[in-house]
Amino acid sequence: MSNLSVKQKKKKGKGSTGSSFDNLEIFLLHLPTTIWYLLFCYAPMFGVIIAFKNYKPRPGKSFLWALFNNSKWVGLDNFKFLVNSSYFETMLKTTVLYNIVFIILGILIPVTLAILFNEIYSRKLAKTCQTMMFLPHFLSWVVVSYFVYAFLATDQGLVNNLFKQIDPATGRYHNWYADTNFWMYFLVFLNVWKGMGYSMVVYMASISGIDGELYEAALIDGATKWQQVKYITLPLLRPTISIMFIMAVGNIFRSDFGLFYQATRNSGALTSVTQTIDVYVYKALLEQSNVNLSSAAAFLQSVVGCLTIIGANVLVKKIDPEAGLF
Amino acid sequence: MSENVKTKKKAEAKLKYTKVKPGTNVAISALFIFLALICLMPALLVLVVSLSSENSIRIKGYSYVPTELSLEAFRYLLHQSSYIGRAFLNSIGITIVGTLFGLITTSTMGFALSRPNYRLRKFFTWFIFIPMLFSGGLVASYMINAHILGLKDTYWAMIIPICCSSFYCIIMRTFFQTTVPDAIIESAKIDGARMIRIFVQIVLPISLPAIATIGLFLTFAYWNDWLMAKYYISGNKHDLFPLQYVLISLEENISFLSRNSQNMTPGTANSIPSETVRMAMVVVSVVPIACSYPFFQKYFVSGLTIGAVKG
């Protein structure tokens, strides 16, 4: 049969089925995607030169003209200015510290839940709970910000109306949107709340891929539930955990703009706990039109982010050669 | 007799190891019910508030048990349908066109990368992988999209920049690799079909599960997207606003609505139920998602599982 098809192929000649023709056709097929990548991924990569220039737009002239004819090369001046500014340290600390907490909780909680999930007797109850826990994942941060507002609004909010907490200083209800101590923890809660259902499903999918015979064998040897988890489930979850870990570490200088900017309603009083690099880049670019500083910050974020993801991959591969992302 | 006891003991022993103790089960179930409620209750509060009367909010604030129920907020939104309806239609249009674009770009690239004989396969695998590691950042993309490509204040700004992603391409590729046998493509080639025809008429129809999965990812992403509107749509271009962006600029929009309410009966314009209208708009944007995601959940899970296969 296979011989026959080879023969037929040869008979038809190179014209219609030749491989170079196939190559061309496949190339044409994904040409639109290639153009998309060039415009929206690769062109911005060259756009990072803005960070090394003193960009000066001129009305009536195009962006490229302004960039090449009207903007001087300033070397590392933008970076120097950024690093020496008073908010740089806070911004860096906020981004990295939150991410470290998010990474730890983002692995610990979903893995625990995924393991516990399989132990519930009633499958119906388990499925219902899982569906409900998936809901926050499908909501945008804009919607979530209104959910939060319904609880925390100063005058009408549920929390203030329920507990009637009056600020002694002002004699009014407590203004939650100015309470940095509260938001420090609440941001962590919101992040866990929104991501819990989704990550749980990722780990549940890998748990369901584990060969059932392993558990049967363990059962015959009289392994307890805890021993099964410790010696079968967790070791076999390691590849998934390490991939999630690498991706999270690679994004350690990035933050969820929606969480830090939108969910906090961009409250000025909370800046000290919400100004991550992304929020800064956005504000500097679109609210203050400071292209130089925001491009410097964005450039640092990209380069350092790229290095951390490669570093995390090397590290994970050292521990477990099978577990790397690439 | 003794054998009977033995099997009984064995069964008991098996039960002991396969299932957790009843007490533990109750504890775990309680934990999950608690977590599920935490995820659901905020949505419920917003729904109840949107159905409360403005008076009730004035007395009790936002509450699960309002003093009085009323549909005035929704009635008001219906009166303003030229504005809210426009935003709703914008969201639907952007979602449909975006999902279509996204499916075309990701499936063609995924198909190319899945063909073992494709000569440029290695090159393009790196080509889509590099952007996952390094990106030009917001400023460079903003400058290019807004100033060179001229996307500012157009619908395209909310569609094109987010239509493709390497992650989706990789899911597509993995799916094509595992479920479209090479033999089918070879035999179609022998019958004289061109690659493009093979892709459209043979590969796509047998890959409907992958198309559905990525289509759903895209649909939800476009419906929920507000960032692109925030970046590229100016605050006075009300015609372009998608629903999510209307929610962001709600404070100013409620005053905008009251200024533009000539088509309403006099008197009502002064008494906009602003507190409840706010939440009613949130409900309008959430309902399509909340009603549909339980049915599509399994596609998400399958997409995640394919995506977890490393490249």
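Reader: How is the model numbered, and what counts in it?
Author: Residues are numbered from 1 along each chain as its sequence is written, while chains are lettered from A and ligands numbered from 1 in the order written. The model is predicted: local features need pLDDT of at least 70, side-chain atom pairs count only at pLDDT 80 or more, and totals for chains, interfaces and linings use all residues.

Reader: What pLDDT does chain A average?
Author: pLDDT is the predictor's confidence in each residue, from 0 to 100. Chain A averages 87, and 94% of its residues score at least 70. Over residues 1-18 of chain A, pLDDT stays under 50.

Reader: Why is helix α16 of chain A called largely enclosed?
Author: A helix is a DSSP run (H or I, at least four residues), numbered from the N terminus. A residue is buried if 20 or more other C-beta atoms, placed from the backbone, lie within 10 Å of its own; with 12 or fewer it is exposed, in between partly exposed. Eight of the eleven residues of α16(A) (277-287) are buried, so the rest of the structure largely encloses this helix. Among them are A:Tyr280 and A:Val281. The cover includes α17 (291-319) of chain A and α7 (137-148) of chain B.

Reader: Which residues touch the most other members of the largest nonpolar core?
Author: Such a core is a set of buried Ala, Val, Leu, Ile, Met, Phe, Trp, Tyr and Cys residues joined through C-beta atoms within 7 Å. This one has 151 residues; A:Val281 and B:Val139 touch the most other members. Helix α9 (residues 141-152) of chain A gives the largest share, ten residues.

How values were computed. Helices (H or I, at least four residues) and strands (E, at least two) are DSSP runs, numbered from the N terminus. Two residues are in contact if their C-beta atoms, placed from the backbone, lie within 7 Å.
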